[in-house]
Amino acid sequence: MSDFASPDARNAFIAGLPKAELHLHIEGSLEPEMMFALAQRNQVAIPFASVAEVRAAYAFSNLQDFLDIYYQGMAVLLTEQDFHDLTAAYLARAANDGVRHVEIFFDPQGHTERGVAFATVITGITRALDAARARGLTSRLILCFLRHLDEASAEATLDEALPFLSLIHGVGLDSSEAGHPPAKFARVFARARALGLKLVAHAGEEGPPEYVWEALDVLEVDRIDHGNRALEDPALVARLAASGMCLTVCPLSNLALCGVPDLPSHPLRRMLDLGLAATVNSDDPAYFGGYVNRNFEAVAEALDLDRAALVKLAENSFRGAFLGDAERDAHLKAVRAYVG
Ligand code: ADE
Ligand code: ZN
């Protein structure tokens with residue numbers, strides 16, 4: 001049973017809870033209003049007449065439905081200023097949600113294949129991250145490979161990233177999961193690890209538990225993004241729990257992409273009960289109806305999460321973050337101080 005006096009009291013507790021966001025695609029934070037503004041600024045045609053029409057198009061049956069619109073939306077991002085403005089807008093919202101540290105995904109292949117230079121993308125994003133750091137919000141940048149493309153394209157992208165390695169903390173794997181198992185990217189992930197990069201992969205979002213095993217055993221990832229379908233395999237659950245593997249769970253994304261029929265069916269509470277190091281994240285907040293606090297609020301209400309569960313989720317976010325020990329300890333102390 002929830003130990004809050006009211007839903008408003010729970011939401012107020014969530015609002016002030018220090019937290020890290022570990023699963024956020026920066027291109028997925030492109031709000032329809034900014035899509036229109038950038039389309040106008042860059043003279044790019046978009047197939048929508050109004051913001052309302054864009055939002056009406058955001059009715060998805062599965063991951064691919066969403067990805068088709070997501071890649072289309074990216075077309076308005078052309079200049080370094082665009083990438084800066086996109087990132088700055090997300091960071092302002094995150095800070096407002098009590099996010100103290102954020103680990104941001106970006107999809108360079110979604111831009112380089114449109115003729116936008118890798119340098120343009122990373123320079124714009126980094127300029128916004130630097131400004132936020134000066135205001136106390138720390139960050140890490142994770143380069144994601146698009147898994148519907150081949151490994152040679154991922155290798156070429158890693159080559160393009162080499163001059164910017166000091167700005168990149170890890171690599172990830174996203175886009176269409178079904179039919180694109182982690183092992184397809186075994187070599188490029190091995191090279192990234194040898195370069196000293198952290199490794200993460202979307203696995204078990206739509207794909208089977210075998211993909212989560214592969215992410216662990218073949219790619220040797222440091223975190224699993226989503227991981228929902230791991231719950232179908234008790235041996236996998238035991239492995240994830242024993243190793244303390246962080247899962248970056250995204251409740252409103254799972255709902256929007258029909259991974260769950262409704263939020264009361266969401267596996268987050270079961271994950272915590274099984275001893276899994278689950279966290280709450282927004283994935284693509286402009287498309288799925290909310291930033292990180294909205295995800296916390298919605299799933300807390302649907303699953304009747306109590307104060308201890310919310311604190312656990314916040315602690316898991318800092319434990320799973322790619323932070324140094326001193327920084328991690330300081331964040332965990334801030335959580336304890338907030339709880340009192
Ligand atoms: N790219 C952006 N959001 C994604 C998601 N939820 N799954 C896979 N690829 C993505
Ligand atoms: Zn994602």
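Biologist: In this predicted model, which residues of helix 10 (residues 209–217) are buried, and what do they pack against?

Modeller: Within helix 10, the residues that count as buried are P209, Y211, V212, A215 and L216. Seen down the helix axis, these buried residues fall within an arc of 155°, so they line one face of helix 10. That buried set packs against strand 5 (198–203), strand 6 (223–226) and helix 11 (234–243).

Biologist: Which residues of helix 8 (residues 151–161) are buried, and on what arc around the axis do they lie?

Modeller: The buried residues of helix 8 are E151, A154, T157, L158 and A161. They sit on the same side of helix 8, because the arc they cover around the axis is only 115°. As background to such a pattern, an α-helix has 3.6 residues a turn, so residues three or four places apart point the same way. For helix 8, then, the arc asked for is 115°.

Biologist: What covers the buried residues of helix 8?

Modeller: The buried residues counted here are E151, A154, T157, L158 and A161. Their cover includes both helical and strand elements, namely helix 6 (109–112), helix 7 (118–134), strand 3 (138–146) and helix 9 (186–194).

Biologist: Which way do the residues of strand 8 (residues 277–280) point, and which of them is the bridge partner of C246?

Modeller: In a regular strand the side chains alternate between the two faces of the sheet. Strand 8 has A277 and T279 pointing one way and A278 and V280 the other way, and all of them are buried. Strand 8 also pairs with strand 7 (residues 246–249) in the parallel sense over four bridges, and the bridge partner of C246 in strand 8 is A277.

Biologist: What is the volume of the largest cavity, and which element gives the largest share of its lining?

Modeller: The structure holds two cavities of 30 Å³ or more, and about 100 Å³ of space lies in the largest cavity. Of the 14 residues that line the largest cavity, H25, L63, L67, S175 and H202 are the closest to its centre. By class the lining has five nonpolar, four polar and five charged residues, and its largest share, five residues, comes from helix 4 (residues 63–73).

Biologist: How many charged residues are in the lining of the second largest cavity?

Modeller: The second largest cavity, with a volume of about 30 Å³, is lined by M35, I46, P47, F48, I69, Q72 and G73. Helix 4 supplies the largest share of this lining, three residues. By class there are five nonpolar and two polar residues, while the number of charged residues is none.

Biologist: Which residues lie nearest the centre of the second largest pocket, and which helix gives the largest share of its lining?

Modeller: The second largest pocket has a volume of about 170 Å³. Of its 14 lining residues, D222, G244, C246, R319 and G320 lie nearest its centre. The largest share of the lining, three residues, comes from helix 16 (residues 307–320).

Terms used: Residues are numbered from 1 along each chain as its sequence is written. Chains are lettered from A and ligands numbered from 1 in the order in which they are written. This is a predicted model: local features need pLDDT of at least 70, side-chain atom pairs count only at pLDDT 80 or more; totals for chains, interfaces and linings use all residues. Side-chain values use heavy atoms; hydrogens and water are left out. Buried means under 20% relative accessible area, exposed over 50%, partly exposed in between (1.4 Å probe, protein chains only). Helices (H or I, at least four residues) and strands (E, at least two) are DSSP runs, numbered from the N terminus. The arc is that of the directions from the helix axis to the C-beta atoms. Contact means heavy atoms within 4.5 Å. On a 1 Å grid over the protein atoms alone, a cavity is a set of points where a 1.4 Å probe fits but cannot get out, and a pocket is an open set with protein on both sides within 12 Å along at least five of seven lines; lining residues have an atom within 4 Å of a point. Grid points are joined across faces, edges and corners, and a volume is the space filled by probe spheres set on the points. Ala, Val, Leu, Ile, Met, Phe, Trp, Tyr, Cys and Pro count as nonpolar, Asp, Glu, Lys and Arg as charged, and the others, Gly among them, as polar. Two strands pair if DSSP finds at least two bridges between them.
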